[in-house]
Each structure stands twice: as structure tokens, then as C-alpha cells.
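Please open the model in the viewer and follow the selections below in turn.

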Amino acid sequence: EPFDGIGELDVLVVGAGFSGIYQLYQFRKLGYSVKIFEAASDLGGVWFNGYPGCRVDSDHPLYQLSLPELWEDFTWKERYPSWRELYDYFQYVDRKLDVKKDVSFNTRVVAAHFDQEIDRWIVTTEDGLIARPRFLVLCVGFASKSYTPAFKGLERFEGICHHTAHWPREDVELTNKRVGVIGTGASGVQIIQEAGPKVAHLTVFQRTPNMTLPMRQKDLDATLQEQQKALYPSLFRRNKQTGSGFSFERYPKPLFSATPEERVLHWEDLWAQGGFHFTVSNFNDYSMNEDANREVYNFWRDKVRKRIHDPRMQELLAPTTPPHPLGAKRCSLEQSYYEVFNQPNVTLVDLNETDISEVTSKGILTKDGIEHELDVLVLATGFDSLTGGLTQIDIRGVDGVSIAEKWANGVYTNLGMTCANFPNMFFIYGVHAPTAFSNGPTCIEIQGDWVVQCIKHMKENGLTAIYPTPEAEAEWRGLVMNTGYRALVNSAKSWYVGANIPGKTIEPLNYTGGVNKYFEIIEGIAERGYEGFQFNPILKKGSQ
Ligand code: NA7
């Protein structure tokens with residue numbers, strides 16, 4: 001039965017991915033009235049997607065909600081699940097928690113204005129639905145606004161063209177087609193690796209090589225998985241006590257305090273473990289100290305080069321000198337990425353040497369005058385990350401200023417969850433939180449629990465509005481700007497700092513002090529009676 005959306009809910013959640021579902025679960029448990037508005041037609045958020053090769057880069061069993069009812073009877077198949085498995089997982093979550101009955105699908109929120117008379121949000125959807133929740137919890141993820149560069153002539157292309165974020169649910173045939181991929185971030189790497197062996201010809205348009213890490217994918221043994229479940233409660237607790245939100249931690253030593261032999265031994269070990277072990281558990285200064293980082297890069301470069309036959313390809317994919325420090329752009333996981341570039345039917349176009357001049361009806365014309373003819377063009381060009389999911393909604397607080405206007409020259413939040421002048425609005429897994437440097441579900445639960453506790457505190461004390469103070473906001477911004485744990489991140493033009501979107505203010509967008517430290521800070525704020533927040537205690541007329 002479709003939910004009509006009209007009503008004075010306690011909480012309206014936007015987005016039905018990991019965080020939205022977690023919020024729904026927790027608020028239901030408290031007996032609050034809560035609904036989810038979701039723009040897509042099914043659960044999963046960013047995972048309701050199926051571009052070829054789409055897969056999670058986080059280790060099993062750490063990438064899932066820690067609620068026992070969701071893992072006790074669920075069996076994962078792969079160490080790094082594909083979008084298909086994640087789809088099955090979300091359907092399973094629905095069967096266990098009966099999520100969908102409280103989700104209004106195909107319902108895109110376009111505006112939310114706060115009404116101070118009644119201390120409620122007036123939320124409008126694309127179809128004109130209106131909801132009036134006391135609290136608005138935005139669970140839109142950090143990558144819900146895709147980015148397509150303004151390529152001249154893009155609309156002229158007569159083949160099939162999709163951004164990876166908007167891949168159609170029906171399969172797009174790549175077999176024996178001439179396929180072009182722009183972008184070599186996480187999505188580009190996955191689609192290149194998947195498409196490579198099938199296509200007639202693959203043309204990769206690369207601006208910056210991805211410093212990929214070996215995935216070490218494997219099928220999971222169901223019996224072993226059952227046995228390991230005894231450890232899950234402590235494992236999930238441990239996730240919240242580490243800097244990364246995974247159960248593994250940084251190596252407790254600066255790089256140059258180890259002998260060259262010790263370094264190589266440690267790196268080989270991490271390389272064999274696969275995935276983010278190499279970055280998360282590397283020497284503890286590699287993301288701060290340029291010389292240490294360069295040593296790590298050299299190890300990486302030499303490993304990768306061994307797999308590439310052609311010297312030109314070697315130099316483009318794993319350059320002698322790094323274009324940026326390793327980890328300053330997100331390292332993606334790969335299984336057979338470099339083998340694709342050894343195929344005779346693969347062209348690697350270096351956009352630094354010859355940029356895209358325009359898109360033609362037949363393909364892509366580069367500055368060197370070559371027209372690369374294509375049947376399918378894949379735009380793996382990323383997202384207006386961390387802020388775009390919020391700024392694309394017309395959210396207006398008490399002074400009538402929109403969130404986009406507020407953040408036009410820099411982001412201001414308190415704790416990466418709230419904003420001054422936007423009372424009763426919370427957002428999860430977004431800007432100014434550990435987001436991009438954390439294991440998603442861990443960050444989502446830490447922040448989610450905080451939001452639930454805060455709203456519970458208000459309900460129990462008859463408080464109808466919460467206002468973060470501008471002073472607290474300024475202080476949080478200062479902390480985000482000055483936490484130097486990942487100093488080298490600021491030296492690359494990445495989405496971590498907003499540098500991938502033309503005109504976006506370039507500044508640190510993530511809290512890089514670690515998941516554990518973040519947890520400690522926000523817990524402390526709650527324990528001290530929500531220091532840095534003011535409450536509106538008066539239940540005004542009509543606001544019950
Ligand atoms: P990313 O990681 O932002 O990658 C986008 C890619 O597109 C990247 O290689 C860019 O090159 C490239 N790009 C962007 N604009 C252009 C133009 N104008 N010309 C050529 N190439 C361009 O997005 P993904 O979807 O792969 O991944 C997003 C995150 O989602 C990922 O990190 C995971 O956390 C999940 P650049 O590096 O800027 O030179």
C-alpha cells in the first residue's frame with residue numbers, strides 16, 4: 001500500500017540505503033512515527049545500481065549492519081560482494097525487518113523548509129507530496145549527486161551513453177562492442193576490468209592513474225562463516241574502536257624507524273592480505289610524511305609494473321614519479337585490471353597528453369585529431385561528493401538561507417551531522433564526518449545512534465527544536481580543517497577536498513582524526529548535555 005506522505009511524523013528519513021534503514025529500525029524500536037522517502041524504486045541507496053563490475057571494496061564480514069537479526073541467518077558468498085549480492089542482502093533485510101512498508105519509493109525530496117511556528121519541517125517531493133516531520137534525517141549517502149563534465153557535443157553522440165551512477169536496470173550489451181570509458185576512479189576500474197575481456201575494442205580515457213590495490217577476492221566457505229559468527233559481536237565492537245572503522249589498525253611505527261627489510265616484509269604481508277589492509281595498516285606516518293609515502297609508492301609501482309608488458313602502458317599506469325601521494329586519492333581494488341591493458345584490443349588515451357576535444361555523433365575526438373569511434377560510452381566521472389546530496393535539495397532553515405547558499409564558500413556543520421540555523425535536521429555519512437576514511441556501516445551506526453539518542457533526549461524532555469550554535473559550528477569546522485592525520489590528502493585534486501567539481505570550494509571535507517576519536521568526541525558532547533546546542537523547550541500551539 002503506498003504511503004500518502006502527508007502527515008505529522010516524528011521523523012522523516014530521506015534515503016533507503018544502509019543509514020536510512022538503520023534509522024528506521026532504531027526509531028521504530030522507540031515507537032516513534034517514522035517513514036522513509038526514497039527516490040529510487042527499491043532499497044539499497046547507492047547499491048541499487050548494477051553497472052558491470054560494480055562491487056564493494058570493503059572486507060567481509062565488516063561491511064554490513066551489526067544488528068544480530070541481520071547476520072545470524074545470512075550467508076555472504078564473496079569476500080567482496082557484487083551489487084547482485086548486495087541487492088539480495090537488502091531484500092533479505094526487508095524480509096527480516098519489514099522495511100518496505102514504511103518506505104515511499106520513487107519519491108524524490110526536492111525541498112524542505114523549516115517552519116518555526118510549529119517547529120516542524122515542511123518537506124515537498126517531486127510529485128507534490130508534503131510531509132511535516134518534527135525531525136528530518138538525511139540519509140542520502142556521500143555519492144548521490146553524479147557529476148558529468150560539460151563535454152562539448154555530448155548530446156550528439158548516437159551510441160549508448162550512461163554515467164555509472166545511472167546505469168539502467170536492464171543489461172547494456174558490451175560483448176563485441178566498441179566501448180569507451182572516461183574516468184579511472186573506483187567505478188572506472190571496475191567497469192574496465194569487467195568489460196575488457198568481452199568487448200571488440202576498449203578505449204580508456206585516463207587523466208590520473210589509479211593506485212589500485214589487489215582485491216584478493218575469494219568465495220566464502222559457508223561452514224567457516226557460520227563458525228566465525230561467534231566472533232561478530234566483538235568484531236563489530238572493535239570496528240568502532242579503530243581509526244578506520246574496520247577491525248584492523250595502523251601499523252604502530254613510523255616508516256623510517258623500520259629497516260628496509262622490515263618494511264618490505266610488512267608490505268608483502270599487507271599486499272597478500274589484499275584490499276585496504278595495505279593502506280589502513282601501513283606505517284603510521286605514510287599519509288603524513290611525503291618521504292615515507294614515496295617509499296610506499298615505489299613498492300606499489302614496482303609491484304604493478306611487473307604485470308604490464310608495454311613500457312608506455314607501464315609509465316602511464318604506474319609512473320616513475322607519482323602524480324600525487326599514494327592514498328591522497330582513493331585507491332581502488334582490482335582483480336585483473338592490468339591484464340586488460342595487455343590485451344591487443346585496448347587503447348589507453350592519456351588525456352594529459354591529448355585531452356578530449358569534443359564528443360561527436362560517432363565517438364570521441366581528442367586534441368591530436370583522432371576520432372575514437374564507439375558504440376558505448378561510459379561516463380565513470382564521479383560525484384559531487386559529500387555535499388552534493390544535500391545542496392541539490394532546496395533545504396532552507398530559519399533565516400531562509402538554503403544549505404547550498406550557506407556552503408557556497410565553505411562548509412559549516414556541527415559534528416558533521418547538524419547545521420546552525422537548520423534546527424531538527426541531521427545528516428548521516430556525509431560531509432565533516434569520518435565518511436570517506438571509514439568503513440561505511442561503522443560510521444553510519446555511530447552517527448545513527450547519536451542522532452537517535454539526541455531525538456530521544458528531546459522527546460523525553462519535551463523539547464521541540466535543537467539549534468547547534470554558530471560558535472560550536474565554527475569550532476567543528478576548525479577541527480576538520482586542522483586535523484592533520486591525513487595531511488597529504490590535501491595535495492591531490494580529489495573529491496575528498498571538493499577539487500573534482502569545477503567551482504567548488506577546495507577544502508578538507510572529511511574529519512580525518514579517526515572513527516574512534518570521532519566517536520569519543522560526539523559521545524562526550526551528548527554526555528555533557530549536548531554542549532554546543534540550544535533547545536527550544538516551548539511546545540507551541542499546533543506543534544504537538
Ligand atoms: P571518482 O573516484 O571521482 O572518479 C572519477 C574519474 O573521472 C577520475 O578518474 C577522474 O579523473 C575522471 N574525470 C572526471 N572529470 C573528468 C574529465 N573532465 N575528463 C576526464 N576524466 C575526468 O568517481 P567513482 O565513481 O569512480 O568513485 C566514487 C567513489 O564512490 C569511490 O571513491 C568510492 O568511495 C565509491 P581525475 O582523477 O580527476 O584526474
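Select the protein chain: its secondary structure comes to 16 helices and 21 strands, where helices (H or I, at least four residues) and strands (E, at least two) are DSSP runs numbered from the N terminus. The radius of gyration of the protein chain, taken over C-alpha atoms, is 24 Å, close to the 24 Å that the globule rule gives for 544 residues, so the chain is as compact as a globular protein of that length. That rule is 2.2 Å times the number of residues to the power 0.38. This is a predicted model, in which local features need pLDDT of at least 70 and side-chain atom pairs count only at pLDDT 80 or more, while totals for chains, interfaces and linings use all residues. Residues are numbered from 1 along each chain as its sequence is written.

Next, select the ligand and its surroundings. The ligand is surrounded by 21 residues, the closest being P149, G183, G185, R207 and G382; a residue counts as near if its C-beta atom, placed from the backbone, lies within 6 Å. Helix 4 (residues 186-195) gives the most to this shell, with 3 residues.

Select strand 15 (residues 363-366), which 3 bridges join to strand 14 in antiparallel fashion. Finally, pick E358, whose bridge partner in strand 15 is L365.

Methods:
Two strands pair if DSSP finds at least two bridges between them.
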